[in-house]
Each structure stands twice: as C-alpha cells, then as structure tokens.
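Visitor: I am new to this structure, and I would like to be walked through it with care. Could we look at it together?

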Amino acid sequence: MIEEVIFIIGSIAILLGAIYDLIAAIGLLRFGDFYMRSHAATIGTIGGAAFPVFGAGLVALVYHPLGSQRFFMAGIAFTVGVLILLIAPTGSHSLVSAVYFGKVGKKPPLVVDQLEEDLPRREDVAELVREHEEVPGEEEEPKFSFRRVGR
Amino acid sequence: MNFESAFLNVLYFSAVIYALAFILYGIRAIKGPTTADIILAVDCLSFDMAAFMVVLGIYFKSIMLASGAIILALWAFMLDVYYTKYVLYGEVEV
C-alpha cells in the first residue's frame with residue numbers, strides 16, 4: 001500500500017517536472033532580454049531538474065525490478081538533487097552578475113537603475129589607479145624568502 | 001500494481017516532453033545573440049539532461065548511467081564560473 005503511494009508521488013513529480021521544463025524552454029525562446037531569459041532558466045533548473053530528480057529517487061526506492069541496486073539508485077538521485085539545488089542558483093547568479101558588471105550585453109531596460117548610480121565611474125577608477133601607481137624600482141624586499149641561511 | 005509497466009507509461013510521456021524541451025533549448029543555444037545566452041541555454045540543457053539521465057537509469061536498470069549525472073551537473077557549474085572569471089578578471093585561474 002505505502003509503496004504504491006510513494007510510486008505515484010514520484011511519478012507525478014517526474015511528469016510535473018517535464019511540464020515545468022517545457023514551460024521554461026518556451027520562455028527561454030520567447031523572452032526578448034537576457035535578464036528575463038535568466039528568470040526562465042531558473043524555472044528550468046529548479047522546477048525542471050531538481051524536482052523530477054527527487055521524484056525519480058522516490059520511484060527508485062520502491063522499484064523492485066532493480067533488485068538490491070535500488071538503494072544505490074535512490075542515493076545517486078538524492079545526491080544529484082541536492083547538488084543541483086546548491087549549484088544552479090549560484091551559477092545563474094554569477095552569470096548575471098558577470099553580464100551586468102562586465103557590461104557585456106545591452107543595458108537592462110530599466111527606468112531607474114540605482115545600482116549603477118552607486119557604482120564608481122570609469123574615470124574615477126582610472127584616476128585612483130593613477131594616484132596609487134607604484135614607481136618601478138622601489139619594490140620592498142620581501143621579509144621572508146626561501147633561500148637557505150648560513151651558507 | 002505492476003511497477004514496470006506503470007513506469008514505462010510515465011517514461012513515454014516524460015520523454016516526449018523532455019525531447020521537445022531539449023529541441024527548444026538547442027534552438028536558443030544555437031542562435032543566442034551573446035555568449036551569455038548560449039551559456040545559459042547550455043546550462044539548462046545539461047541540468048535537465050542530468051535529470052533525464054537518472055530517469056533513464058531507473059528504466060534501463062543500470063546505476064552506471066545514473067552516476068554520470070553528477071559529473072554533468074558539476075560540468076555545467078564549471079562553465080558558469082569560468083565564464084564569470086574570464087569576463088570580470090580577464091583570466092581563468094585554476
């Protein structure tokens with residue numbers, strides 16, 4: 001009885017994850033801006049990858065044709081699920097920050113961009129670098145060195 | 001309740017939808033205007049491929065197929081981090 005319930009819950013998770021995946025793919029294709037596309041991609045990674053992997057782990061726990069290998073399979077599935085939950089937000093956040101701060105693509109279509117007002121401008125940064133530029137030949141001697149003493 | 005035939009039905013439906021989603025991701029990965037779009041699409045593609053690999057591993061009764069999903073997920077993360085370090089710092093320090 002309990003095995004059928006777990007199997008049905010896992011199957012529903014796999015099917016729902018596939019539908020999430022299709023919705024995210026349509027969004028990734030139809031949105032017009034990189035920042036909106038990253039929103040759709042986040043749906044695709046959490047709803048379309050982590051959710052069906054946990055469902056597959058539940059299915060593998062009660063799937064008797066696997067024999068005693070089903071616990072290994074469930075362990076692999078839960079490991080992949082936790083890994084995707086940790087990795088996918090970190091990766092997409094770092095990608096979006098690289099595009100924003102590195103000024104790679106177009107600017108985001110915003111009315112007010114308060115983060116850009118707080119950032120230092122390029123001329124100010126260049127002036128700061130010029131003030132603190134080190135004159136060549138005045139480097140300090142390193143206090144520690146790997147040369148042997150007393151030879 | 002026969003688990004094997006029931007899981008085969010689940011696999012039929014989910015494989016069709018997953019294949020359709022993979023094609024749409026592939027279109028975006030080919031025609032993406034900037035490199036960041038391509039990396040975003042490839043990122044999604046490999047995470048979903050890892051998820052589909054676990055489902056296929058249950059169907060084909062092999063744990064070797066499912067253990068490749070861990071490597072695939074980590075590879076997508078490596079792509080993101082390397083692109084970020086290349087754009088922001090100009091070099092990739094390993």
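Visitor: Which residues in α3(B) does α2(B) meet?

Guide: This is a predicted model, in which local features need pLDDT of at least 70, side-chain atom pairs count only at pLDDT 80 or more, and totals for chains, interfaces and linings use all residues. Residues are numbered from 1 along each chain as its sequence is written, while chains are lettered from A and ligands numbered from 1 in the order in which they are written. Two residues are in contact if their C-beta atoms, placed from the backbone, lie within 7 Å. On that basis the residues of α2(B), including Ile39(B) and Phe60(B), meet residues of α3(B), among them Ile63(B), Leu72(B), Trp75(B) and Tyr83(B).

Visitor: Is α2(B) roughly parallel or antiparallel to α3(B)?

Guide: The two helices pack with their axes 8 Å apart, at an angle of about 170°. Angles run from 0 to 180 degrees between N-to-C directions, and those over 145 count as roughly antiparallel. That angle therefore makes α2(B) and α3(B) roughly antiparallel.

Visitor: How many residues of α2(B) are buried?

Guide: Helix α2 of chain B covers residues 35-60 and has 26 residues. A residue is buried if 20 or more other C-beta atoms lie within 10 Å of its own. The helix is largely enclosed by the rest of the structure, because its buried residues number 19 of the 26.

Visitor: Which residue just after α2(B) takes a positive phi?

Guide: The helix reaches 36 Å from its first C-alpha to its last. Just after α2(B), a positive phi of about 60° is taken by Lys61(B).

Note on methods: Helices (H or I, at least four residues) and strands (E, at least two) are DSSP runs, numbered from the N terminus. The expected span of a helix is 1.5 Å times one less than its number of residues. A residue is buried if 20 or more other C-beta atoms lie within 10 Å of its own, exposed if 12 or fewer, and partly exposed in between; C-beta atoms are placed from the backbone. Angles under 35 degrees count as roughly parallel, over 145 as roughly antiparallel, 65 to 115 as roughly perpendicular and the rest as oblique.
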